[in-house]
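Subject: Structure for you to look through

Hello,

Here is the structure I promised to pass on. Please open it alongside this email and follow the notes below.

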Amino acid sequence: MDAFGGPIWSMAVSPCGSQLLVGCEDGSVKLFQITPDKIQFERNFDRQKSRILSLSWHPSGTHIAAGSIDYISVFDVKSGSAVHKMLVDRQYMGVSKRKCIIWGVAFLSDGTVISVDSAGKVQFWDSATGTLVKNHLIANADVQSIAVSDQEDSFVVGTAEGTVFHFQLVSVTSNSSEKQWVRTKPFQHHTHDVRAVAHSPTALISGGTDTHLVIRPLMEKVEVKNYDAALRKITFPHRRLISCSKKRHLLLFQFAHHLELWRLGSTVATGKNGDTLPLSKDADHLLHLKTKGPENIICSCISPCGSWIAYSTTSRFFLYRLNYEHDNISLQRVSKMPAFLRSALQILFSEDSTKLFVASNQGSLHIIRLLEGSFKHLHTLQPQSGTVESMCLLAVSPDGNWLAASGTSAGVHVYNIKHLKLHCTVPAYNFPVTALAIAPNTNNLVIAHSDQQVFEYSIPDKQYTEWSRTIQKQGFHYLWLQRDTPITHISFHPKRPMHILLHDAYMFCIIDKSLPLPNDKTLLYNPLPPTNESDVIRRRTAHAFKISKIYKPLLFMDLLDERTLVAVERPLDDIIAQLPPPIKKKKFGT
Amino acid sequence: MVEEESVRVVRCGGSELNFRRAVFSADSKYIFCVSGDFVKVHSTATEECVHILQGHRNLVTGIQLNPNNHLQLYSCSFDGTVKLWDYVDGILIKTFVVGLKLHALFTLPSAEDSVFVIINKEKPDVFQLVSVKLPKSSSQEIEAKELSFVLDYINQSPKCIAFGNEGEYVAAVRDFYLSVYFFKKKTTSRFTLSSSRNKKHAKNNFTCVACHPKEDCIATGHKDGKIRLWRNFDDDKKYTYTCLHWHHDMVMDLAFSVTGTSLLSGGRESVLVEWRDATEKNKEFLPRLGATIEHISVSPAGDLFCTSHSDNKIIVIHRNLEASAVIQGLVKDSNIFTGLMVDPRTKALVLNGKPGHLQFYSLQHDKQLYNLDIIQQEYINDYGLIQIELTKAAFGCYGNWLATVEQRQEKETELELQMKLWMYNKKTQGFVLNTKVNMPHEDHITALCFCNAEKFENPTLVTSSKDGHFKVWILTDDSDIYKKAVGWTCDFVGSYHKYQATNCCFSEDGSLLAVSFEEIVTIWDSETWELKCTFCQRAGKIRHLCFGRLTCSKYLLGATENGILCCWNLLSCALEWSAKLNVRVMEPDPNSENIAAISRSSVGSDCKYTPYFDNTSKSLTKIFFLTSLI
C-alpha cells in the first residue's frame, strides 16, 4: 500500500505492536493501525519541512521523536502535534557544514532523546524542556546508527569510520543515585560504514558496508569466559548460494540482483597430488541473468540436467528453460506461473529433473512436474494444522521417493512423494537445521544443526541409525563443536556408502563411518601423514573425520562425478575490492 | 691538618626541582617545590624564590599543604621525618620523627591527624602505603610511630598513588594492574590488563594515576601513550573503561582540574594536553614546552597549572593554557663536555645546558640567568639520532669573547666540526656570533684557551687538536666600506713530530704557551711562536696542563693519564718534583697561587672524587703530605 508521502525513510512499530509510524520524504509522519489482516491508515502528524530520517517511540507510547535534517521533533501521539523542535548544531569541528542529518534517534523512558547525526555527534536531549543536555563528539564522519538495550543502561552507535562506540549509564559516585552517560569502549571491527547496530542483552551486533556482521559479547554480562563468549565475525550468509548441474558441469551463482551461469573448464593432463593442472578448456561464462525491479534474489536453483533454472524474489517466482545448441544456449522464460507461486524460500529439482519442489513462505510445499517447455502443478503439501512455520531447507532422495523439509525452528518432515503424504517427522531438536541431504540407496537422512551436531536418520526405519546413536553417545570432538560457521552443504559419494561429504566456510570434511570416532585427546585436524611413516601409525591415528582446510572461504563443494570434486572459493579480498573506498583517516606515523 | 679545615663545602644549590610534583598554595600566590634537602617557596607571579625551608638532613621526597591549615606545609624526607612548616614566614613548626625512609607523602582533609607515606619494607623493591598518626603535642620534636598499613606492593613513585572522592578510596598502579582500596569497606579491588608479549599489549604498563575530584572515575596513564578512564570500579565485574589516545610515547603524568571537567596529561612529546569533558575529540594543546613533562599539578584555586620538566624547570601555566612563569634550575645534561667555567663578567657558572645551549647559572641566587643557543638548530628529540654536541667552550678577554666548538660524528671517518666565536655586546648584554669557522681542524679539538694577559691588546686564542696541530687565532680588522667589523683568522699553525696535541695553556703573563703533544710538553714564545723548550717525562700522555700564578709563575704543572703529577721549573727547565696523583680536573685559583686538583680515589669498590688543593710554592714535602690524605 502507498503511504502517499514519497519515499519512506523510516518506520517504527509502537511498543505495544498495534501501531506503525512511517516517516516520508515530504516531511510527514503517518500513523497506521496494524490489524491481523491489514494495515490501515490512521492519521497524519504535523508535517515537517524536510524528510523524516529516523523515528522512535517513547516506551509508554505517548510521545514519539522524529529525526529530520537539522532538527529533531517530539510529537504527542494523542494530539498529533509537535511538542518540541530541537535544533541541532551544524557546526562540525568549528566549520559549518551544509546540513546536519539526524541519522538516528532513541527515546528513553525517562524522557531523554538520544540523537546521532552526520556531524559525528551523539547528543542527549531533554524532551520535556526541549534542551540539549550533553554532547559527545565521537567521530569525524557521520554517526549512522543507534541501538539501546532493553534495560536502557547502555546503548551502541555505529559510525561511518567503521567504529562502534559503547555508551553506558554509570553512577557518578558509588554512594549517590545520580547517573550519567559515559562513552566507554570503542570497537574497530569494520573498515567501512556501520549502517546498522543492535544491542542484545549480552552482545553488541553491528553490520555495514564492509559485508561483515560482527557480534561482540559484553564481557561483564557473560558468566563464563569460554569459547561462546568470543567475538564472532560473520562474512557469508549461512546458506547455500550456489547450485550445480552435475550432468553438464554447470554452476549457478546467486548474487543479490543477478544470477551467473558458468560452465566449468576441463583438463586432459594428469599429475601428482597437489599439482595444479593446465586447463585445456577454460571456464565459460554462459549467462548473466538480471532480475527486474529492486528486489533481492532469495533463492535459486539449476536442475541436475542443466536445462532448467528457477529463482525467486520476495514477490515473484521465475522459471526458465535452457536450450543447448552446440555452443549457443538460449533462454526461454516459462510464463503463466500459477498465482500461488508468488515467492519461494527454497527451490529444489529432483535428481532426474522431472519434478520441481518449491517451499513457499506460507508454509506449503508445492510439487510441480516439469515437461518439455511447460509444467504441471501436481500437489501442494499443506503444513500441519496449527503451524505457520515455513520450510526453508529441502532435500530429495536420489531415487525420487522421499522429500525432507525443514523449517526455521527444528523439526524435519519427511514426505513420501509417491503417495504425496507425510511419512514421518524427525524428533525435534533445539537448534535449527543448516543442511539436509538424503543418501542414495540407504535413504539415510543426514542432518546438520547450527550447534555443529550431525545426525543420521534412517527414513525407511523411521529412527536414528546406529552410527548416529554412537556418535551422540560419545560426543563430537570439542574442536569440531567450536567451529564458527555452520555446515551449508552435505553430499555423498555414489560408490562409497560409508562416506559423508560436508563443508562449512573454512573446511571440507569427509566423515568415514567405518573408522573409529575421535575423542577429545586425538588430533582432529591431522594433516595428511607423511608417506614414509609406517602404516601402523597411520592406522592408529586415523579417525572418522578427514578434514581439509586448503580452500577458504569455501562457499560450495560437491562431487561432480566419482572422480571430480568442484569447490567454489570466494576470496574476501575480491569482495573488499568491489566496495567503495573507506573514509580516509589520518594515522599516526604515516 | 690545617689544609683540611681550609676546605669547606658550601651547598650552593643546583638540586633537582622536578623530583616531585610542585604544590600550589591555596591562594595560588606561591608554588612549592622540593630542591635537594630544602623546600623552595617561589612566587607564581615573579618566579622569584621567596623562602627556602631548610631543616631536613636528606633528600626531601614529598610536600603537601596541611589540609586543615592552608598556611602550613608538610614535608617528608629520606631522613625519616615529617616536618610541618609555616611557609609564609619560612619557619619550622614541628618535626615528627617516623624513623623510616619516607618516599612520598599524601594528606587528606578527612584524615585530620594523620598523613599517608610510602615506606620501604624489608626487600628493596617492596613498598607500602601506610598511614602515620601525628600525635598532638606542644613540643617541637615528636615521635610518630603509630603506623597503620593501607596497601602493599605498590610503586615507589607518588605518581602511582591517588586518593579519590574525598578519601573514600585510594588507587594504586603497578606494572599491569590497578588496585583500588576502599577505606569504608576495607576491601581492595584489582583490575589487571593483558600483559602478553604480543605487539598489541606489550606496552600496557601503568605509569601514573589520577582520581576525578567529584566523580568515581580513575584516570590511568600507560606506557603506550594511552589514557584509560575507569568507572564502576566498585564492582569487580561491571567495571568499564574508556580510552583516550594522543600521546605516542609513555604518559608521564596526569592531573584533573579542580572541577574535574578537564584532564591534563603530558609526556615526552613536551606537549601539555587538556582533555575537556574526557572526550577524545575535545582536546587542547600547549606545545613546545622544551622538555619532557615529568609532573603536572593543579592549584587548589583552579586558576593555575604547572608542569615540571626533565630539564629541571617548572612552568606555571594559566587556566587558558598560556605559560606565565618559568622557574629554571640547573640543567643537568647527561654529558658535560664543556666542563665547568665561570663567566668573568657575571661570575655565573657556565656549562652545557639544554641540548645545543650553554647555560649561565648564578650560584649566588641558585637560578639560571639565561641560555645561550650555540648550535642554533631545531633539536629533534628522538631515540637513536646522532646530535650535534657542544664539546668545548672558553671565555677570553674578561668575558668579552666566548669560543665554542661543536661536533657531530656519524661515522668514524665523517667528522663535522665547527668553531664559533662570540663577542659580548654591551648594548644587548649578551653574546653575538662574530666568526664561524668550519672545520678548524682535521680532527677532534682537545683544548681551547684564550690568552688572558693584560698586556696583550690583541685577543689570541689557541686550539689544539688530535690532528697533530695547534692553531693560533687572532682578532683582525675585517672592515670594509660598508661597516666596521672585526673577525678571527688563523695566525699560526704549530706541530711537533706529528704527535697529537692533547692540551694547551697560556702562562699568566701570556708570554709563554705550553702545548702538550702526547707525552711531551712544548713551550712556545707567544710573540714569535718559536719553540723554546720541551719537557718529556715519559709518564704517559699529558692530560692536564697548568701554569703557576703570582709567585709560582715559574712552575708548570702537568698531569698524565698514568696518574703522575709533574711540576717543571721553567727557569731551570728541569723537573722540580713529581707525585702520584690521578688528577681528573686541574684548575688554578685566579686570586691566589693555589691550584685545585681533583683526583679520583678508589675507596672500596666505588670511586669517589676528592678535591685537593696544592700550592706550588710549598715544598715537596707538603705535596706529599696532601697526597697521603687520599
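**What I found**

A:Arg483 and A:Asp504 join their side chains in a salt bridge, 2.3 Å from N to O. The term salt bridge means a side-chain nitrogen of Lys or Arg within 4 Å of a carboxyl oxygen of Asp or Glu. This pair links distant parts of the chain, 21 residues apart. A:Arg483 lies in the loop between helix H2 (478-481) and strand E43 (489-492) of chain A. A:Asp504 lies in the loop between strand E44 (499-503) and strand E45 (508-512) of chain A. Helices (H or I, at least four residues) and strands (E, at least two) are DSSP runs, numbered from the N terminus. Over all chains, the structure holds 29 salt bridges.

This is a predicted model: local features need pLDDT of at least 70, side-chain atom pairs count only at pLDDT 80 or more, and totals for chains, interfaces and linings use all residues. Residues are numbered from 1 along each chain as its sequence is written, chains are lettered from A and ligands numbered from 1 in the order in which they are written, and side-chain values use heavy atoms, with hydrogens and water left out.

**Where the chains meet**

Chain A gives 21 residues to the contact and chain B gives 19. Contact here means heavy atoms within 4.5 Å. The two chains bury about 1700 Å² between them, 47% of it on carbon and sulfur atoms. Buried area is the accessible area (1.4 Å probe) that two parts lose on being put together, summed over both. B:Lys237, B:Thr240 and B:Lys281 supply 32% of what chain B buries against chain A, more than any other three residues.

How many salt bridges cross this interface? The rule finds 1. B:Glu280 pairs with A:Arg183 in a salt bridge, with the closest N and O atoms 3.7 Å apart. On chain B's side, strand E21 (residues 240-245) brings the largest share, 5 residues.

**A sheet in chain A**

Look next at an open sheet of 4 strands in chain A, in the order E35-E36-E37-E38. The pairing is antiparallel. Two strands pair if DSSP finds at least two bridges between them. Strands E35 (391-396) and E38 (421-426) of chain A are the edges, each pairing on one side only. Strands E36 (residues 402-407) and E37 (residues 412-416) of chain A pair over 5 bridges. A:Ala405 has A:His413 in E37(A) as its bridge partner.

Best wishes
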